[in-house]
Amino acid sequence: MGILYDDLVIVRQSEKEGEPSVITVNCPDKTGLGCDLCRIILFFGLFIDRVDVSTDGKWCYLLFWVVGKPTTRWGLLKKRLVEACPSCSSASGISFYTELQPPKPPDVFLLKLCCYDRRGLLHDVTEVLCELELVIKKVKVSTTPEGKVMDLFFITDTRELLHTKKRQQDTYDRLKEVTGNALINCDIEMIGPEATACSQGPSFLPHEITDGMLNLEMLDEQQSGYLPPDSVSITMDNLLSPGHTLVQIVCQDHKGLLYDIMRTLKDYNIQISYGRFSTKRKTECELDLFIMQTDGKKIVDPSKQSALRSRLWMELCRPLRVALVSRGPDTELLVANPVELSGKGRPLVFHDITLALKMLKTGIFSAEIGRHMIGDREWEVYRVLLDEGDGLSVPREKIEQAVWKMLMGWE
């Protein structure tokens, strides 16, 4: 009979607010599945309290204990998790050829929004796009001397319906609702994927962002927004299990922590056979992973162990780069995060940046999102030129710290 489609993912919501709900995923296995599921959970803004993972290489069983919000759309979350699971027939090899085919790239749309400016407008628009499951691939924001804002959002639609009149009208109605009388014009059109193509070369990126991207050993403990190296402990053991390498991680918790770990293992093509993740006092977390290479063997090569340990350490100490720099007389906020080899960027980064600035009552004069190849890795870089008016009313250190804390989920 096989497992029913609806039984791939089961969500048991908690009866009391603040207590964990349980998400059960029971489906065919694939390398990187844990990363894909954690990314979806991060996109929906859930806090992961505990995780158990078990797989025999063909079929996997995952349990997520997550804490949601009153606004969590549990039904939609389940739908997205089910879509991330491999088809049941792939476990028997029936759709092996189909599974190998690269997915069709999503259509890219240009959302042009012209408004009268006000504080917090960009975040309010960004929040609506996130709620509508419209993924921001690139953005260009500019402000005219007359107080008008032209926002250009290059977006894709998770629901793949933005080409329809109804979906476009729904988007317009939601944007009109949040912008009110400030809205001047709104237009949506389909464009080619080349509009969001990756830029080449780091030549015009400030050293505050590029320093340390290539050298895993570089880490300045005095820099604001980076965890001290001794706050992360990573040990690897090949003696405890006859067929697996054990990776044990103890570190401070942050938003997207499990996603950062799973993304790194996915990029290294590492398979997880068993894993357990738990948090203590909402600040410290422990993770035990029994892993192996795609050839089914342990990681015994010291150089491979060192490379994996160093990358995990870097991703946990510096999951994002945050810097506030001077650009002539202006102040620019820069945030950078690595992109998965699959091409997916970290969710909700722009949402959190704009929310932090809104809470600080700091205006945004212009903003851009771009992708850059630095070394052998692709990075998503957010550049936000702050609207200082008669002078920056909030100290630079406070802005940088507030953005970092918002991105790490410590607000």
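Mentor: A contact here means heavy atoms within 4.5 Å. The structure is a predicted model, in which local features need pLDDT of at least 70, side-chain atom pairs count only at pLDDT 80 or more, and totals for chains, interfaces and linings use all residues. Residues are numbered from 1 along each chain as its sequence is written, and side-chain values use heavy atoms, with hydrogens and water left out.

Trainee: What share of contacts between residues at least 6 apart in sequence join residues at least 24 apart?

Mentor: In this chain the share is 71%.

Trainee: Why is the pair Phe 43 and Phe 44 called edge-to-face?

Mentor: Rings of Phe, Tyr and Trp (its six-membered ring) pair if their centres lie within 6.5 Å; planes under 30 degrees apart count as stacked, over 60 as edge-to-face and the rest as tilted. The centres of Phe 43 and Phe 44 are 5.8 Å apart and the planes stand at 75 degrees, so the pair is edge-to-face. Trp 404 and Trp 410 also form an edge-to-face pair, at 6.4 Å and 80 degrees.

Trainee: Why is Trp 404 called buried, and why does Trp 410 count as partly exposed?

Mentor: Buried means under 20% relative accessible area, exposed over 50%, and partly exposed in between (1.4 Å probe, protein chains only). Trp 404 has 5%, and is therefore buried; Trp 410 has 31%, and therefore counts as partly exposed.

Trainee: What places the charged end of Arg 50 over the ring of Trp 65?

Mentor: The rule asks for NZ of Lys or CZ of Arg within 6 Å of the ring centre and within 35 degrees of the ring normal. The charged end of Arg 50 sits over that ring of Trp 65, 4.0 Å from its centre.
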